[in-house]
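Please keep the sequence and the structure in view while reading.

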Amino acid sequence: MKPHIKQFFEFLKKKEGREIPLIVKVLSPRDFKISPEELHIKGDFDLTYTSVTLLPDNLTVEGNLILDETPIKELPNNLTVKGNLDMEFGKIKSLPDTLKVGGGLGLTGALITSLPDNLTVESLFVNHTPIKSIPNNLTVRGELNLFRTPIESIPDNLKVEGVLDVRATPLGKKYTEEEVRSMIEKKGGYVKGELYSQRPRGFY
């Protein structure tokens with residue numbers, strides 16, 4: 001009989017970052033019998049520092065999903081996170097078009113290189129990542145942090161309700177705060193909060 005997906009997840013939670021036995025590393029969620037009820041997780045789900053590499057398709061997390069410093073390289077199809085989705089300093093490189101996030105998206109220090117078009121999130125942190133462009137029709141209800149990324153251009157319809165930080169980027173080094181804001185508005189977007197572009201004096 002295959003082990004139960006709930007037992008697998010509970011085991012990972014209890015490990016709290018300690019070394020996971022080889023048998024668990026070899027198995028993936030696809031090796032488990034999964035019921036629709038178990039694909040709906042109430043509250044937060046924290047897999048930080050674990051060795052899990054896959055999550056099942058059609059997973060819903062009512063709270064926050066925390067995948068910081070995990071070897072996960074891709075997210076499952078139809079993943080819904082009603083809270084924050086954190087994948088800081090992880091191996092993730094791209095996100096599926098079917099992803100739904102109700103809260104913030106944290107990717108600081110990750111290997112992310114692209115984001116899906118038409119993404120709406122509470123906040124977005126891709127600072128210290130190799131991402132070269134941000135998607136069209138991106139809506140961020142809070143802060144968008146692009147600090148120390150190779151971002152060079154502005155997408156269409158970028159809407160930021162909070163702060164936009166483009167310091168230490170090719171875009172921020174080339175253009176003033178007023179110029180960046182004007183570029184965004186000419187492409188159908190806006191920034192309602194502060195916009196940080198040029199490196200402040202004394203900043204290293």
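The points below cover confidence, the sheet, the nonpolar core, salt bridges and selected loop residues.

This is a predicted model, in which local features need pLDDT of at least 70, side-chain atom pairs count only at pLDDT 80 or more, and totals for chains, interfaces and linings use all residues. Residues are numbered from 1 along each chain as its sequence is written, and side-chain values use heavy atoms, with hydrogens and water left out.

**Confidence**

- The average pLDDT of the chain is 86, and 79% of the residues score at least 70; pLDDT is the predictor's confidence in each residue, from 0 to 100.
- Over residues 16-29 the pLDDT stays under 50, and for this stretch the model has 24 contacts beyond four places in sequence. A contact means heavy atoms within 4.5 Å.

- Helices (H or I, at least four residues) and strands (E, at least two) are DSSP runs, numbered from the N terminus.
- Four strands form an open sheet in the order S9-S11-S13-S15, with parallel pairing. Strand S9 (120-121) and strand S15 (190-191) stand at the edges, and each has a single partner strand, so one side of each is left without a neighbour in the sheet.
- Two strands pair if DSSP finds at least two bridges between them. Strand S13 (residues 159-160) pairs with S15 in the parallel sense over two bridges, and Lys-159 has Tyr-190 in S15 as its bridge partner.
- In general, strands of a sheet pair through backbone hydrogen bonds, either parallel or antiparallel.

**The nonpolar core**

- A nonpolar core is a set of buried Ala, Val, Leu, Ile, Met, Phe, Trp, Tyr and Cys residues joined through side-chain atoms within 4.5 Å. Buried means under 20% relative accessible area, exposed over 50%, and partly exposed in between (1.4 Å probe, protein chains only).
- The largest nonpolar core has 46 residues. Those with the most contacts inside it are Leu-75, Leu-85, Leu-95, Leu-107, Leu-124 and Leu-144.

- A salt bridge is a side-chain nitrogen of Lys or Arg within 4 Å of a carboxyl oxygen of Asp or Glu. By this rule the count comes to four.
- Lys-82 and Glu-62 form one of them, with their closest N and O atoms 3.4 Å apart. Lys-82 lies in the loop between strand S5 (80-81) and strand S6 (85-86), and Glu-62 in the loop between S3 and strand S4 (65-66), so the pair ties together parts that are 20 residues apart in sequence.
- Lys-82 is partly exposed, with a relative accessible area of 46%, and Glu-62 also counts as partly exposed, at 29%.
- Another salt bridge joins the side chains of Glu-161 and Lys-192 (3.5 Å, N to O). This pair links distant parts of the chain, 31 residues apart: Glu-161 is in the loop between S13 and strand S14 (164-165), and Lys-192 is in the loop between S15 and strand S16 (195-196).
- Glu-161 is partly exposed at 30% relative accessibility, whereas Lys-192 is exposed at 58%.
- Asp-165 forms a salt bridge with Arg-167, with the closest N and O atoms 2.7 Å apart. Asp-165 is buried, with a relative accessible area of 4%.

**Buried loop residues and their contacts**

- Thr-149 lies in the loop between strand S12 (144-145) and S13 and is buried, with a relative accessible area of 3%. Beyond four places in sequence, the residues that Thr-149 touches include Asn-127, His-128, Ala-168 and Pro-170.
- Asn-127 is found in the loop between strand S10 (124-125) and strand S11 (139-140) and is buried, with a relative accessible area of 10%. Leaving aside neighbours within four places in sequence, Asn-127 is in contact with Thr-108, Gly-109, Asn-145, Leu-146, Phe-147 and Thr-149.
- Val-52 is in the loop between strand S2 (45-46) and strand S3 (60-61) and is buried, with a relative accessible area of 6%. The C-alpha atoms of Val-52 and Thr-70 are separated by 7.0 Å, and the two residues are 18 apart along the chain.

**Positive phi angles**

- Tyr-49, in the loop between S2 and S3, has a positive phi of about 70° although it is not a glycine.
- Ala-168 has a positive phi of about 55° and is not a glycine either. Ala-168 lies in the loop between S14 and helix H3 (170-174) and is buried, with a relative accessible area of 10%.
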